[in-house]
Amino acid sequence: MGLIKTIKESFARARALGMQAKAELEEAARCRAMTRAEMAQVLYNLLVSYPTVSENYFSDVSTGAWYAKAVNTLVYLDVLSGYEDGTYQPNNQVTRAEFVTAVCKCFGLTSGASNSFSDVGSHWA
């Protein structure tokens, strides 16, 4: 009987530790900034329809990249843009201003509100 109880306790402890590890990983993901590639994929997944786009707009977005279709489609739809040097910089962290601008363009939203975010200031977006 002692061995069974020990095994049950071990499984219960392992399960609890696994759940704790999962919670910690989820928390880390929530605390990590989104990349420009991830933003593109999220917005692409929310589109109602997907136009056929065969052009690759950026030198740093390989056609085989997991986010390439999303980036190129959203550029085609005038939702996203790159940098003056012809790059998209998909691994850069997306700023709040870039994200809000992309969401507004993607869904045709406009704002008449003033900027109340201290970290945005006179940002281009």
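View 1. Buried means under 20% relative accessible area, with exposed over 50% and partly exposed in between (1.4 Å probe, protein chains only). The buried residues are Arg-36, Ala-37, Met-39, Ala-40, Gln-41, Leu-43 and Tyr-44. Helices are DSSP runs (H or I, at least four residues), numbered from the N terminus.

**View 2. The salt bridge between Arg-36 and Glu-98.** The structure holds one salt bridge, defined as a side-chain nitrogen of Lys or Arg within 4 Å of a carboxyl oxygen of Asp or Glu. In the pair Arg-36 and Glu-98, the closest N and O atoms are 3.3 Å apart. The pair links distant parts of the chain, 62 residues apart: Arg-36 lies in α2 (residues 36-45) and Glu-98 in α4 (residues 96-107). Both residues are buried.

**View 3. Packing of α2 against its neighbours.** The buried residues of α2 pack against α3 (68-76) and α4. Contact means heavy atoms within 4.5 Å. Ala-40, Gln-41, Leu-43 and Tyr-44 of α2 make the contact with Lys-69, Ala-70, Val-71, Thr-73 and Leu-74 of α3.

**Note.** Residues are numbered from 1 along each chain as its sequence is written, and side-chain values use heavy atoms, with hydrogens and water left out. In this predicted model, local features need pLDDT of at least 70 and side-chain atom pairs count only at pLDDT 80 or more, while totals for chains, interfaces and linings use all residues.

Notes: Helix = DSSP H or I, 4+ residues; strand = E, 2+ residues; numbered from the N terminus.
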